[in-house]
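Keep the structure open beside the text as you read.

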Amino acid sequence: MSKCVSLNAGIFAAVCLASRLDDLNNVLGTIVFAILIYGILPPLRKRTSKRIMPLCTFVFVSVALYLAHLHAPIVIYPILVSVLACLIIVPLLFVQIQKQKDNIFGPWDEAVLKDLGCEATRDITAE
């Protein structure tokens, strides 16, 4: 998918969500947040070093937990469990499952050409 389509889809989703809100300040905040997340941050993430990414993740999760605590404190626990699952548990499971990986060969695989060497070339030219 191209970058323009992804950006348009993200902004469209934010506009659809914002159209359901009652307060103009909430609408403005949703649209500005969507522009920040979908338009400004992806190019900045490409330019930053890999060492800063865990810090950015920690800051975003902390802000999300703080805002969730202000609005509905009960939601903090599902958010925290989801973040821990996505950042720690699932990657660890993925690494463990890689040990059990088995490659199955069949007719759906790409064709593998065998190297016949010089003998096949001699037979073709001799005829």
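## The overall fold

Going along the sequence, the protein shows the pattern α-α-α-α-α. Its secondary structure amounts to 5 helices and 0 strands, where helices (H or I, at least four residues) and strands (E, at least two) are DSSP runs, numbered from the N terminus. This is a predicted model, in which local features need pLDDT of at least 70 and side-chain atom pairs count only at pLDDT 80 or more, while totals for chains, interfaces and linings use all residues. Residues are numbered from 1 along each chain as its sequence is written, and side-chain values use heavy atoms, with hydrogens and water left out.

How far can you trust it? The pLDDT (the predictor's confidence in each residue, from 0 to 100) averages 84 over the protein, and 90% of the residues score at least 70. Confidence is highest in α4, at a mean of 93, and lowest in helix α5 (residues 117-126), at 55. Where pLDDT is low, the predicted coordinates should not be read in detail.

## Surface and burial

Of the 127 residues in the protein, 9% are buried. Here buried means under 20% relative accessible area, exposed over 50%, and partly exposed in between (1.4 Å probe, protein chains only).

Some individual residues are set side by side below.

| Residue | Relative accessible area | Class |
|---|---|---|
| Thr 30 | 18% | buried |
| Leu 21 | 32% | partly exposed |
| Cys 16 | 36% | partly exposed |
| Ala 9 | 41% | partly exposed |
| Cys 86 | 57% | exposed |
| Tyr 77 | 59% | exposed |

As for the cysteines, a search of the whole structure finds 0 disulfides, a disulfide being a pair of cysteine sulfur atoms within 2.5 Å.

Thr 30 sits in helix α2 (residues 24-47). Apart from neighbours within four places in sequence, Thr 30 is in contact (heavy atoms within 4.5 Å) with Ala 14, Leu 17, Ala 18 and Leu 21. Leu 21 belongs to the loop between α1 and α2. With neighbours within four places again set aside, Leu 21 is in contact with Asn 26, Val 27 and Thr 30.

Ala 9 is part of helix α1 (residues 3-18). The C-alpha atoms of Ala 9 and Tyr 38 are separated by 9.4 Å, although the two are 29 residues apart along the chain.

## The two sides of α3

Helix α3 (residues 53-71) has 19 residues. From its first C-alpha to its last, α3 reaches 27 Å, close to the 27 Å expected at 1.5 Å a residue; the expected span is 1.5 Å times one less than the number of residues.

Which residues of α3 are buried? They are Met 53, Val 61, Leu 65 and Ala 68. Seen down the axis of α3, its buried residues fall within an arc of 105°, so they line one face of the helix; the arc is that of the directions from the helix axis to the C-beta atoms. These buried residues pack against α2 and α4 (76-98). The face of α3 turned away from the buried side carries the exposed residues Leu 55, Tyr 66, Leu 67 and Leu 70.

Tyr 77 lies in helix α4.
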